[in-house]
Amino acid sequence: MKINKSLIFILGALGGLLYGYDNGVISGALLFIDKDIPLNQYTEGLVVSAMVVGAIIGAGGSGPLSDRIGRRRLVLIIALVYIIGSLLMAFSPNIAVLILGRFVIGLAVGGSMATVPVYLSEMAPTEFRGSLGSLNQLMITIGILVAFLVNYAFTDIEGWRWMLGLAVVPSVILLIGIAFMPESPRWLLEHRSEKAARDVMKITFNSDKEIDHEIKEMREISKVSESTLSVLKSPWLRPTLIVGCVFALFQQIVGINAIIFYAPKIFGKAGLGEATSILGTVGIGTVNVLVTIIAVFIADKVGRKKLLVTGNIGMVASLVIMAILIWTMGIKSSAVIIIICLSLFIVFFGLTWGPILWVMLPEMFPMRARGAATGIATLVLNFGTLLVAQIFPILNSALSTEWVFLIFAVIGILAMLFVIKYLPETRGRSLEEIEYDLRKRTSAKTPDM
Ligand code: BGC
């Protein structure tokens, strides 16, 4: 059967949709769980963070696993775990099962965050790698928006079980979709045969010449490469691993999820009613999807570092302008300004840091340790998510809103300096060329290329 190239990438990115959905749905579900299953402040916190704890473990564990059993087989396991987690939550008779369900979903979320970008990156021809990698982010944002809409739709009947359980639908689609997804050619070349790798590349690459060139490069790198564990532990990879982890951490602590998780609360503080706040949140989710569609088209046209720095300038400017206006006009008369400035923040994040982090993480790491290293960076990213999720409400009640946003502005400036000084430019170069450069810069064995 002839497999459609675009379908492979879309199915491959479905894991991102589930991650987005489970990220976005909880704010709505939390409003009603308490009516069925009594929650206190402590158990409410556990319901939110159990998923992130699961994601930390899922990301850490699935990286090495994807190097061992293959990206495709791992996605199959992830889809099953998603289904189990969603059902546990939808039918939970008590708080313990609910928290367990969130934890199980977290395992799948962490697993897909670490595996999907690697899969897409390894499947894509060089000149489209940025765009195809950005599909993951597009799916994440669609997942978040769908969750906001589902929350809105089930608010009347207080249907929190529906909100949490509906994640089963895309999980089943993912499970079926895997039947049509080929394994990553880079993994096949390493673990199976050149023929198997070529067969897959024939679907996604444009010409035999391109395939020959890529295979030759992969073979050269493969000749000098050590085992996954020794690459992971080798001193030459350490700086890159640290840079990847700090990069992932910055993506979270610039403040994006303070908006995604808490937008209704921020709007509420500015005096908007409940329904308007939820609608405002849907608006933010929509802007997020729309700009990510644009990002898919520009990801390979502009250098990655230039995009990231532009994003930082835009995000910091939106925050600073918002803080000054809230300070001069008072929070209660700033609702419109807050909506505009938060949307601008989302525009800049969605065009740059949102997609580019997921494109660049797998690009930065060498083939043998790509899955594992991306997993480790994703694990650190989830710590960042947890940090923001826990600290933002505390900051928001202890400080005035403008100061909270100024703190994120300062972090945005630090993130920009980090990009300028430490990130390599990866656009327009094959994964093997990037690895070759990394090896040349460090003390690692270098192939003749
Ligand atoms: C981030 C998520 C965030 C989403 C928002 C992703 O790139 O990793 O944490 O919720 O973007 O669109």
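This is a predicted model: local features need pLDDT of at least 70, side-chain atom pairs count only at pLDDT 80 or more; totals for chains, interfaces and linings use all residues.
Reader: Where does the ligand sit?
Author: In the largest cavity.

Reader: Which residues are around the ligand?
Author: Tyr19, Asn23, Gln137, Thr141, Ile144, Gln251, Gln252, Asn257, Asn288, Phe349, Gly354 and Trp358.

Reader: And by class, how many are nonpolar, polar or charged?
Author: Eight residues of the shell are polar and four are nonpolar. None is charged.

Reader: Which helices supply at least two residues of that shell?
Author: Helix 1 (5-36), helix 5 (129-153), helix 12 (238-253) and helix 17 (353-364).

Reader: Which one gives the largest share?
Author: Helix 5, with three residues.

Reader: Let's get to the atoms. What is 2.8 Å from an oxygen atom of the ligand?
Author: An N or O atom in the side chain of Gln251.

Reader: How about Asn257 and Trp358: where do their polar side-chain atoms lie?
Author: For Asn257, one lies 2.7 Å from an oxygen atom of the ligand. For Trp358, one lies 3.0 Å from a ligand oxygen.

Reader: How much of the ligand does the protein bury?
Author: 100% of the 310 Å² that the ligand exposes when taken alone.

Reader: Back to Gln252. Where is it found?
Author: Gln252 is part of helix 12.

Reader: Is Gln252 buried or exposed?
Author: Buried. Its relative accessible area is 2%, and the cut-off for buried is under 20%.

Reader: What does its side chain make a polar contact with?
Author: The side chain of Gln251, at 3.0 Å. Gln251 also has that side-chain N or O atom 2.8 Å from a ligand oxygen.

Reader: New topic. Where does Glu158 lie?
Author: In the loop between helix 5 and helix 6 (160-165).

Reader: What is the phi of Glu158?
Author: Positive, about 50°, although Glu158 is not a glycine. Most residues other than glycine have a negative phi.

Reader: What is the relative accessible area of Glu158?
Author: 35%, so Glu158 counts as partly exposed.

Reader: One more residue, Lys306. Which helix does it lie in?
Author: Helix 15, residues 304-329.

Reader: Why does Lys306 count as exposed?
Author: Because its relative accessibility is 60%, and exposed means over 50%.

Reader: How many residues apart are Lys306 and Met364 in sequence?
Author: They are 58 residues apart in sequence. In space, C-alpha to C-alpha, Lys306 and Met364 are 17 Å apart.

Conventions: Residues are numbered from 1 along each chain as its sequence is written. Side-chain values use heavy atoms; hydrogens and water are left out. A residue is near a molecule or strand if one of its heavy atoms lies within 4 Å of it. A polar contact is a pair of N or O atoms within 3.5 Å; within protein, one must be able to donate a hydrogen and the other to accept it, and residues adjacent in sequence count only if both atoms are side-chain atoms. Accessible areas come from the Shrake-Rupley method with a 1.4 Å probe; for residues, only the protein chains shown count as cover. On a 1 Å grid over the protein atoms alone, a cavity is a set of points where a 1.4 Å probe fits but cannot get out, and a pocket is an open set with protein on both sides within 12 Å along at least five of seven lines; lining residues have an atom within 4 Å of a point. A molecule sits in a cavity or pocket if more than half of its atoms lie within 2 Å of its grid points. Helices (H or I, at least four residues) and strands (E, at least two) are DSSP runs, numbered from the N terminus. Ala, Val, Leu, Ile, Met, Phe, Trp, Tyr, Cys and Pro count as nonpolar, Asp, Glu, Lys and Arg as charged, and the others, Gly among them, as polar. Buried means under 20% relative accessible area, exposed over 50%, partly exposed in between (1.4 Å probe, protein chains only).
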